[in-house]
Amino acid sequence: MGRFPHHLGPAGHRGHGGHPAGRGRMGGGHDGMGGDGSGMMMRGRKFGADELQLMLLVLLEEQPRHGYELIKELEARSNGFYIPSPGVIYPALTYLEELDYTTVETHGNRKRYHLAAPGLAHLDANRERAALLFAGLQHAARKMAWMKQAWQGEAGVQEAEQASGWLREFVEARRVLKEALLRRTDADAAEQRRLAAILRRAAAEILGEEPCDPA
C-alpha cells in the first residue's frame with residue numbers, strides 16, 4: 001500500500017449531494033503559472049467536498065489531528081494559498097465520521113480525529129487522485145514563494161528562484177506555452193488536432209513515457 005511523502009497528499013470520487021463543499025480562502029495571481037490543468041490552480045476556484053474529505057483522510061493517515069491542526073497543515077503545505085475555514089473543515093469531518101471513515105477521541109470540547117479502516121480503504125482506492133491534489137498544493141506553495149519575491153526586480157527573481165526552487169527559464173517556458181495556446185484559442189478542428197498531438201508528445205516526454213495515440 002502506497003504512502004504519501006510529507007509534502008504530498010490526495011482526494012476522492014466526485015461530489016456527494018447535500019454535504020458541505022470544501023471551500024476555503026485561496027490566493028493566487030496572474031504570473032503565467034496558473035490555469036495548468038489543476039482545478040485549484042485557477043484564481044477563485046475551490047475544492048469540491050469529496051476532494052477536501054480525501055485530503056483530510058490523507059492527513060489523518062499520517063497522524064491523528066484536531067480540526068484546527070488540519071486547517072494549519074493545509075495552510076502550511078500550500079504556503080498560505082489555501083486556508084479552509086472552520087466552517088468548512090468541521091462539517092467535512094462530521095461527514096467522514098458519519099461514514100465511519102474516521103473515529104473521534106473527545107477531550108472536553110475538543111475532538112481528535114483518527115483514520116478508521118473504511119476510511120483507509122477509501123483512501124487506498126483513490127491514491128492517484130489524492131496524490132495529484134497534494135502535488136497541486138505543493139505547486140501552489142512554490143508559486144506563492146516565487147510571487148512573494150519576483151515582483152522586486154532582478155534581485156527579487158534571484159531570491160524567488162532560491163525560495164521556490166523554480167528556475168527563471170522554467171517559469172518563462174510555462175508562460176510562453178500558456179500564451180501560445182491562448183493565441184490559438186480560435187483554431188479550427190484540424191489545428192486543434194495538431195496542437196493536441198504536440199501537447200501529448202510533450203507531456204509524455206516530461207513524464208518519461210512513450211506517447212500514446214488517442215483512441
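View 1. Arginine 77 is buried, at 9% relative accessibility (buried is under 20% relative accessible area, exposed over 50%, partly exposed in between; 1.4 Å probe, protein chains only). This is a predicted model: local features need pLDDT of at least 70, side-chain atom pairs count only at pLDDT 80 or more, and totals for chains, interfaces and linings use all residues. Numbering runs from 1 along each chain as its sequence is written, and side-chain values use heavy atoms, without hydrogens and water. Glutamate 62 forms a salt bridge with arginine 77, with the closest N and O atoms 2.6 Å apart (a side-chain nitrogen of Lys or Arg within 4 Å of a carboxyl oxygen of Asp or Glu). Glutamate 62 is partly exposed, at 30%. Glu62, Arg65, Glu73 and Arg77 are linked in a salt-bridge network.

**View 2. The salt bridge of arginine 127 with glutamate 61.** The closest N and O atoms are 2.8 Å apart. Arginine 127 lies in helix H5 (residues 127-150) and glutamate 61 in helix H1, 66 residues apart (helices are DSSP runs of H or I, at least four residues; strands are E, at least two; both are numbered from the N terminus). Both residues are buried.

**View 3. Three strands in an open sheet.** The order is S2-S5-S4, with antiparallel pairing (two strands pair if DSSP finds at least two bridges between them). Strand S2 (65-66) and strand S4 (102-107) are the edges. Two bridges join S2 to strand S5 (residues 110-115). Arginine 65 has tyrosine 113 in S5 as its bridge partner.
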